[in-house]
Amino acid sequence: LDGRHVAESRRVRWGAYLAVFALTGSAWVLYLAFHQYEVFTTLFTLQVLVPALLSLRADRDRLGGVFSSSRGLWWAFFFTIILGKGLWELERYLHRRGACPRETSDPRFWLHPLWHLLSATAHGFWMRYANMLSEEGSPAKKGLKAA
């Protein structure tokens, strides 16, 4: 996303990177020290949400609005991660109630592996989208010097 959003401009980039690394490091220390699952889920959500939203706002002049067909990979990412998160929440609900299935023949047994499959698929969609941003809209491809 180099130079595609104000958070990625040369003036702000290192501060933004340091803030993200400090937040991530602090959250991991808190999670490991106090075993608070909410710290883990909040950190994961932020690590997905921040780059996703930054990338959605990137290259608006070239790609058009949020709902333009050029953003199809972003929307594939979004719906895949939301579906996966829904399955994860259902699995967590079953776990809290002590109702996790024990038999592999029960489709609910596979909720957690499906979360991993869908989140990996969502990551693949987002990486293809980010690659499209970097290849087609890069300053080098446009014959411009980087800022």
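**Reading the helices of a predicted model**

Of the 147 residues of the chain, 29% count as buried. The model is a predicted one.

Student: Which elements make up the chain, and how many helices and strands are there?

Tutor: The chain contains 5 helices and 0 strands. Read from the N terminus, the order of its elements is α-α-α-α-α. Among contacts between residues at least 6 apart in sequence, 58% join residues at least 24 apart.

Student: What span should helix H2 have, given its 20 residues?

Tutor: At 1.5 Å a residue, helix H2 (residues 37-56) should span 28 Å, and its end C-alpha atoms lie 29 Å apart, which agrees. The 25 residues of H4 should likewise span 36 Å, and the end C-alpha atoms of H4 are 36 Å apart, in agreement.

Student: How is the packing of two helices described?

Tutor: In general, one gives the angle between the two axes and the distance between them. Here H2 and helix H4 (residues 72-96) pack at an angle of about 165 degrees, with axes 11 Å apart. Angles over 145 degrees count as roughly antiparallel, and H2 and H4 are therefore roughly antiparallel to each other. The crossing of H2 and H4 is left-handed.

Student: Is Phe79 buried or exposed?

Tutor: The label rests on relative accessible area, and a residue is called exposed when the value is over 50%. Phe79, which lies in helix H4, has a relative accessible area of 53% and is therefore exposed. Phe79 and Leu118 are 39 residues apart in sequence, while their C-alpha atoms are 9.7 Å apart in space.

Student: What follows H4?

Tutor: H4 is followed by Gly98, whose phi is positive, near 70 degrees.

Technical notes
Residues numbered from 1 in each chain as written. Predicted model: local features only at pLDDT ≥ 70, side-chain atom pairs only at ≥ 80, totals over all residues. Heavy atoms only, no water. Helix = DSSP H or I, 4+ residues; strand = E, 2+ residues; numbered from the N terminus. Expected span 1.5 Å × (residues − 1). Axes fitted to C-alpha atoms, helices over the stretch in contact; angles between N-to-C directions. Parallel < 35°, antiparallel > 145°, perpendicular 65-115°, else oblique. Left-handed = near helix turned anticlockwise from the far one by under 90°. Buried < 20%, exposed > 50% of the residue type's maximum accessible area, 1.4 Å probe, protein only. Contact = heavy atoms within 4.5 Å.
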